[in-house]
Amino acid sequence: MKKIFLIILIFTSLCGIFAQVRNLDNKFRMAQVYESSGDWDNAVKIYEELYAADSLNVVFFDALMRGYDQLKRYSDAIKIINTQLKFRPKDVGLLSQLGKTYARANEKDKALNAWMSALDVDSRNINSYYIVANAMVESRMLDNAIKVYEKGRSVLNDKFLFAADIGYLYSISMNYEEATRQYLLLLKQNPAQLSFIQSRISIYTGKADGLNSATSIIEAAYKTDTDNPQLIQLLAWLYMEGKKYDKAFSIFKTLDEKTKAGGREIFNFAERAFRDKAYPTAAKAYEELIGKYPKSINIAASEFGYARTLEEAAVEDDTLKLFGDLKPFTIKSSDLKPSYKSAIDAFNQVITNHPQTEFAARSLYRIAFIQFYTLFDLTNAAEALSRIEKKFSNFIPVLLDAAYLSGQVFISQGELEKAAEKFRWLAESRFAQSDIREKANFAIAETDFLRGNFKDAQQKLQNLLANPNSDITNDAIALNVVIQENLTNENLLKDFSKGILLKRQRQFSKAAEVFEQLTTKQPDADIVENTLVVLGDVYTMMQQYEKAIFTYERLIEKFPDNVFADKSQLKLAAVYQWGLKNSVKAIEAYQKLLEKYPGSVYVNEARRRIREIRGDIL
Amino acid sequence: MKNKNQMLNSSQADKYRTTKFFSLLLLYARSSTLIALRSLLTAHNSSLYAIGSPLTAHSSLLKAPRSLLIALCFLLLALSSPLFAQKILIPMDLKQSEHLKAYGIAYWSLTKGIEVDWLLNYRGGSFMIDNHQLVASECLVRGVNFEKISAATASQIYADVLDDNNNQDVVRLEKAPKVAVYVPPNVLPWDDAVVLAMEYAEIPYEKVWDDEVLKGKLLEYDWLHLHHEDFTGQYGKFYSSFSTAPWYIEQQVLYEKKAKELGYRKVSELKKAVAREIKEYIASGGFLFAMCSATDAFDIALAAENTDICDVMYDGDPPDANFQKMLDYSKCLAFENFTVERNPMRYEYSDIDIPPSDMAGFVNQETDYFTLFEFSAKYDPVPTMLTQNHANIIKGFMGQTTNFKKSLIKKTTTILAEKEGTEEVRYIHGNYGRGTFTWYGGHDPEDFQHAVGDPPTDLHLHKNSPGYRLILNNILFPAAKKKQQKT
């Protein structure tokens, strides 16, 4: 009987408890519904009831705190937290929450006190510092968070502790110097973290002040620890980011030494500097490698790279190619000789040191290229090309380039048949790509034209005209038009082609004579139009600028609808600008182009030059 | 000393006298005509912003002396040739190849003390400038098409424009407006269409930020543009997508520092103060232009003066639970009765903008166009100026705030452009105090969907952009009359 009574008593008690629990559960669900609908007032009322019923329930406590927070009832929240703290006085999380709530209530001092109490609970526990600092970051008190981490570092007597966290906080506070110092600590502690540190620092190296701060800090650190390879790598990376090539080079040299890379680091640097067009530094780097590591696997590439650097450093930009391959306003080729001579010497060195290699073949080609296009030394150009043919015929791409250049050299030497032969070989070569073959075919047609075989030339041009996608088609059209329009007056056309050949041979005075005669023979002939274009160029090359201007003006006036009129007007302006150095006249001439040829492809260039002369900030 | 006549023989003297006579006559005719044209324009300009008719101008012509009429007749014969060009006409219709730079020429002319007549609705809103060689050269250099026209042709154009039967008018631009752009000092991963337009058109501007605004420096400027700015203090509501991006974090820290430095507890409070100061600037005669999210964010900030709408991730505490009820729409410039977006993770400020997700049907770049309204040039010159264009149907473009819901626009605000048949308004204008505000929805008129981090639009590829023209109309508009500023 007693047992039955006891069972009934337990059962009814349990039922009561379950009913109460179910009731609380239902209330909690209802409060959650209010919460999700944004009705915080009603939600909080229920949460308060629930908390009163079971103040040790963490879920009810959290929900009530959330509600107070939403309603900004911070004093109520603080009361509740303090009540909880009576039960759990050493709860770091709770103390941290108290601090956060004080911070929201804009009571900064009390917030800091609460957080300090949290840290005092177990000051040897690293997690306390993370909890408190995170609460501070959430409250947007970044400086205090940094101080907490630093305190932890001091208490725990570990100068490397929290370096990544402090560094990050400094970096988002835009204190880049301190951020870098922290990352340096991290690097010292764990050199394997180099790439992580680099990625952290790269967050602010995109900005000038960020890059400068990082560089100066790493530079200072490097001075006191010159043997640290990671530090050297970091500094080298920062110099390259800042395009400080000279400094980067010196640091790469050190890096190469310290890491015993045998010149590999220097070579990589030189190649990157060359690609970035930092030619003087690239040259120094190649030279360094050549001098110090003559047995490096990259030695041939370095010697060739060095020579190329010297060559590129001497080249002047001429993207418009207004006068074709000629550059009338650059310094005289005689003045250019010393810089190109050193390039040629360097290429010769490659040939001597690495015979029978592709670098030697390429070096010979570069020598021929410089000799022909820059120095116009046909004998030396031809000699270099002939050596390629004889000794390096196994390097097909070089051989193909050399064949084309040989043809051009033969034309300039007046050996038109030999030139045609070269071009024919190239056009028929099974190794040549289609663009090279088309270039060769055009050159064959051009050779026919220069020899006065106009019909042959026309015939060869027909195939090229059929392919509108080729780079050479425009040139083919232009040549075809000249032949087509003047074929009825073949003698004059022959004179014209003779003059063109003389111009190609850079016999400018003879060319000018031929062209002048042609323009006086039949002043109204169609060919005069084309003649005046080249005659103007020839006078420009001869630095007879007044005559050049007169010729261009004559062309523009006599043949206003000439397809070259706008280009001639631009050339005329260029003669004023760079030949006669008369800015006023140059602007006038450029403006004339804008007025007379508003649809010309050269209008943007004319506008740019006017503004350049005026000194406008563009 | 002999005079010139004494040095000549009789036939030469006769010839000289004849030449001199015609020269003087020509000079007289030209100056008289110019006086007449000027008086005609002055008469018209004086009644420019008043409701009235240009009859005043015509009557001044009728009252002109007889000699003037003779001179006019002579002028028709002698000066109709372009050799005697009196004016430079910069057409703004399809004949113009550099619409955007044309505004730069007008602005540049004003900086050189050369007045410009803006011929509203005439050939797309053309500019007429006195024939100075300087202007012609600059047009050439900048690639702006122009026509040198004779005084006779010019007077005919003026007459046509002023004719009551034409919805056209002339506005004299007198002074190059001093332009400021409200822009943060930090680098943000997006561009600003107005800055791009001004830089392309070569219109100079200065940058201002919170310090300058709160110190009252705005009064030094005639025109203010608000860069893509969030005056609600929610950092553009980029939290859900970019809260970990370095630029976002840096922006938040920078803004917080600035707020503290200027004595504000929160960034939202600082921004609201800045918005109120800008509103004051308009009240005292300033011209405000804003695009994209700076438009609705500005009004929301004004309405939320006495409440907190920012969630915890923006200002460290939750928003007021009942902030919606506490919004004061009477403080807004353009909108009313809007609902502020509560979700901090949603990339929208309020229901003023209709986001693509809420639009009926699919938003298609190919079919998204909006239409400019036509206003009476003679009675509503300001909206007419703002809507000048060579096209009246403009390609749509999106932004954080692409459009303004029509039902939420105050009745006092003028709608300048909308997407026909929808609730979407794209371009609005209104007055406040002695100044005006103009708001243009969308981010970049030539990039349908300009995303964060996208490269800037190259305006060399959009020289004739009608969408960009609307921006530049706004920059010249303050030059149309001298305004008094608060002292």
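This is a predicted model: local features need pLDDT of at least 70, side-chain atom pairs count only at pLDDT 80 or more; totals for chains, interfaces and linings use all residues.
Start with the interface. On the chain B side, 26 residues touch 23 residues of chain A, and together the two chains bury about 2200 Å², with 51% of that on carbon and sulfur atoms.

Polar contacts link 12 residue pairs across the interface. Helices α6 (133-142) and α11 (246-261) of chain B each bring at least two residues to the side facing chain A, and α11(B) gives the most, with 9 residues. By class, that side of chain B has 10 nonpolar, 4 polar and 12 charged residues.

Over all chains, the salt bridge count comes to 69. In chain A, A:R608 and A:E612 pair up at 2.8 Å; they sit 4 residues apart in helix α32, so about one helical turn separates them. A:R608 is partly exposed at 37% relative accessibility, and A:E612 is also partly exposed, at 43%.

In chain B, B:D93 and B:R123 form a salt bridge at 2.8 Å. B:D93 lies in the loop between β1 and α5 and B:R123 in the loop between β2 and β3, so the pair ties together parts 30 residues apart in sequence. B:D93 is buried at 18%, while B:R123 is partly exposed at 22%.

Conventions. Residues are numbered from 1 along each chain as its sequence is written. Chains are lettered from A and ligands numbered from 1 in the order in which they are written. Side-chain values use heavy atoms; hydrogens and water are left out. Contact means heavy atoms within 4.5 Å. Buried area is the accessible area (1.4 Å probe) that two parts lose on being put together, summed over both. A polar contact is a pair of N or O atoms within 3.5 Å; within protein, one must be able to donate a hydrogen and the other to accept it, and residues adjacent in sequence count only if both atoms are side-chain atoms. Ala, Val, Leu, Ile, Met, Phe, Trp, Tyr, Cys and Pro count as nonpolar, Asp, Glu, Lys and Arg as charged, and the others, Gly among them, as polar. A salt bridge is a side-chain nitrogen of Lys or Arg within 4 Å of a carboxyl oxygen of Asp or Glu. Buried means under 20% relative accessible area, exposed over 50%, partly exposed in between (1.4 Å probe, protein chains only).
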